[in-house]
Amino acid sequence: MAQKIVTIYTDDLTGEETQEAATHTLVVDGVGYEIDLGPDSYDQLLEAIAPFTKAGRRIKAGRIKTAPKASGGRTDTAAIRAWAKEKGYDINDRGRVPAEIREAYDKAN
């Protein structure tokens, strides 16, 4: 029996399928957020935060507190989801992990 696995990439902002979606990480007040965006949505994001990044100061990545990393440098959302389910949080199997769950995970680990 043959098996075919299809991966569908979806822009988290628009919900549209796209082959060009990429994962981007944002950190605000020490809380990391991960979002998958197509090129147009990413341009919107950069345009929206441009006044703040231009006025702000860059810091070294080591000073930024984010969620745990899996191999390849991606945020290990699977570990966060497993922990959250074990602790009784209501969390989806797909999409962005809510900030309050990330914060609770960070405090516990």
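I began with the ground rule for elements: helices (H or I, at least four residues) and strands (E, at least two) are DSSP runs, numbered from the N terminus. I am working with a predicted model, in which local features need pLDDT of at least 70 and side-chain atom pairs count only at pLDDT 80 or more, while totals for chains, interfaces and linings use all residues. Residues are numbered from 1 along each chain as its sequence is written, and side-chain values use heavy atoms, with hydrogens and water left out.

**Entry: the fold in outline**

I counted three helices and two strands in the chain. Reading from the N terminus, I noted the order β-β-α-α-α. Next I checked burial, where buried means under 20% relative accessible area, exposed over 50%, and partly exposed in between (1.4 Å probe, protein chains only). Of the 109 residues in the chain, 26% are buried.

**Entry: contacts across the sequence**

I looked up glutamate 103 and found it in helix H3. Glutamate 103 is partly exposed, at 33% relative accessibility.

Then I turned to the loop between H2 and H3, where arginine 96 lies. Arginine 96 counts as partly exposed because its relative accessibility is 45%. Which distance separates arginine 96 and tyrosine 33 in space, C-alpha to C-alpha? I read 7.9 Å for this pair, which is 63 residues apart in sequence.

Proline 98 has its place in the loop between H2 and H3 as well. At 28% relative accessibility, proline 98 is partly exposed.

**Entry: aromatic rings**

My pairing rule takes rings of Phe, Tyr and Trp (its six-membered ring) with centres within 6.5 Å; planes under 30 degrees apart count as stacked, over 60 as edge-to-face and the rest as tilted. By this rule I get two aromatic pairs. One of them joins tryptophan 83 and tyrosine 105 edge-to-face, at 5.5 Å centre to centre and 90° between the planes. This pair links distant parts of the chain: tryptophan 83 sits in helix H2 (residues 77-86) and tyrosine 105 in helix H3 (residues 99-108), 22 residues apart. Buried or exposed, I asked, are tryptophan 83 and tyrosine 105? Both tryptophan 83 and tyrosine 105 are buried. I also saw that ring pairs link Trp83, Tyr89 and Tyr105 into a cluster.

**Entry: charges**

For a salt bridge I require a side-chain nitrogen of Lys or Arg within 4 Å of a carboxyl oxygen of Asp or Glu. How many salt bridges does the structure hold? I found one. It joins the side chains of lysine 85 and aspartate 93, 2.3 Å from N to O. Lysine 85 is partly exposed, with a relative accessible area of 45%, whereas aspartate 93 is exposed at 59%.

My last stop was glutamate 20, which I placed in the segment before strand E1 (22-28). With a relative accessible area of 56%, glutamate 20 is exposed.
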